[in-house]
Amino acid sequence: MAQIDDLPPLRDVIAAHGLNAKKSLGQNFLLDLNLTSRIARSTGSLEDSTVLEIGPGPGGLTRALLAAGAKRVVAIEKDSRCLPALAEIAERYPGRLEVIEGDALQLDPVALTGDGKVRIAANLPYNVGTQLLINWIATPNWPPFWSSLTLMFQKEVGERIVAEPGTKAYGRLGVLCGWRCKGGILFDISPKAFTPPPKVTSAVVHLTPNEAPLPCDLKSLEKVTAAAFGQRRKMLRASLKALSPEAETLIERAGLDPTARAEEIDVVGFVALANSFDRQPSGD
Ligand code: SAM
């Protein structure tokens, strides 16, 4: 196994600090330093960036990011048991690692990272991963405060993030991500690489912001995708009735076929639908 620094092996760190994995916190630790280094290298240029890491746990990815040259890592960890192990890493890399104890869903990432280039990298806890991603993509200001997202998810979630129209995985998440971001799945990681092993394969997703996404109100896009994919087997003229009694007009005004189904509509079509929804004379 790769030696990336002179700190103790992660297995020893876990044993020394009694970090038996907690399911409630989505703890599946990645102990293979070849893999953590591969994720760190996939993040992009690190020397000029602050990396925001969510859920460092015993610090495998944190160490890889710092060893790969990250100027500064700001890491948010909910489990206080991990803090002494993370403090040892901070000591090894003076002035470059700041650990914040807390819930990443409750903290303001902009306030924590400050000005300058921010990259987000994480092996995300499965129970909050999708919500964190949506929060970063649905951020009010665009271009956003981050310049890249390099994130590990359950593979099934990764496939939904990058899904194309006409596929089973295509849905609300794919439309939202496709509207504001570009990117893809970089590689899969077997359950065997984790301690304890999760039930399913994981995937590392890399996203960068589209500089100029098609103009559209985020809330309207969320409303039309929720209605359309909420009943994905139905034709749009039926599924969008919940949104508007004039569903058919709304769809035609967007230049779409009212008999089409949600999964046939690409991101451009959903943006047109959201804009048509906004132009309804009666509002929403
Ligand atoms: N980064 C480590 C690794 O790759 O081995 C640990 C990854 S583990 C899948 C997820 C980590 O996120 C755990 O350390 C867990 O305690 C932490 N975590 C869970 N929920 C969190 C939350 N809401 N905010 C911050 N950290 C959280």
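Predicted model: local features only at pLDDT ≥ 70, side-chain atom pairs only at ≥ 80, totals over all residues.
**Exercise 1. Describe how helix 8 packs against helix 9.**

Solution. 
- Step 1: Locate the two elements. Helix 8 covers residues 172–180, and helix 9 covers residues 218–230.
- Step 2: Take the geometry. Two packed helices are described by the angle between their axes and the distance between the axes. For helix 8 and helix 9 the angle is about 150°, and the axes are 9 Å apart.
- Step 3: Classify the angle. Angles over 145 degrees count as roughly antiparallel. Helix 8 is therefore roughly antiparallel to helix 9.
- Step 4: Helix 8 and helix 9 cross in a right-handed way.
- Step 5: List the residues. Helix 8 contributes R172, V175, L176 and W179, which meet L218, L221, T225, A226 and F229 of helix 9.
- Step 6: Sort them by class. This contact of helix 8 with helix 9 has seven nonpolar residues, one polar and one charged.

**Exercise 2. Find the angle and the contact residues for helix 6 and helix 8.**

Solution. 
- Step 1: Start with the axes. Those of helix 6 and helix 8 come within 10 Å and cross at roughly 35°.
- Step 2: The crossing of helix 6 and helix 8 is left-handed.
- Step 3: Name the partners. T130, L133, I134 and I137 of helix 6 meet L173, L176, C177 and R180 of helix 8.
- Step 4: Sort by class. The contact of helix 6 with helix 8 holds six nonpolar, one polar and one charged residues.

**Exercise 3. Work out how helix 9 and helix 12 are oriented.**

Solution. 
- Step 1: Read the geometry. The axes of helix 9 and helix 12 (residues 267–278) come within 8 Å and cross at roughly 110°.
- Step 2: Classify it. Angles of 65 to 115 degrees count as roughly perpendicular. Helix 9 and helix 12 are therefore roughly perpendicular to each other.
- Step 3: Helix 9 and helix 12 make a right-handed crossing.
- Step 4: Look at the residues. From helix 9 come S220, L221, K223, V224, T225, A228 and F229; from helix 12 come F270, V271, L273, A274, F277 and D278.
- Step 5: Sort by class. The contact of helix 9 with helix 12 divides into nine nonpolar, two polar and two charged residues.

**Exercise 4. Identify what surrounds the ligand.**

Solution. 
- Step 1: Count the neighbours. The ligand is surrounded by 20 residues.
- Step 2: Pick out the closest. These are L30, G55, E77, D103 and N123.
- Step 3: Check oxygen. A polar side-chain atom of Q27 is 2.9 Å from an oxygen atom of the ligand.
- Step 4: Check nitrogen. A polar side-chain atom of D103 lies 2.8 Å from a ligand nitrogen atom. For P56, a polar backbone atom is 3.4 Å from a nitrogen atom of the ligand.

Definitions and conventions
Residues numbered from 1 in each chain as written. Heavy atoms only, no water. Axes fitted to C-alpha atoms, helices over the stretch in contact; angles between N-to-C directions. Helix = DSSP H or I, 4+ residues; strand = E, 2+ residues; numbered from the N terminus. Parallel < 35°, antiparallel > 145°, perpendicular 65-115°, else oblique. Left-handed = near helix turned anticlockwise from the far one by under 90°. Contact = heavy atoms within 4.5 Å. Nonpolar A, V, L, I, M, F, W, Y, C, P; charged D, E, K, R; others polar. Near = heavy atom within 4 Å. Polar contact = N/O pair within 3.5 Å; in protein donor to acceptor, adjacent residues only side chain to side chain.
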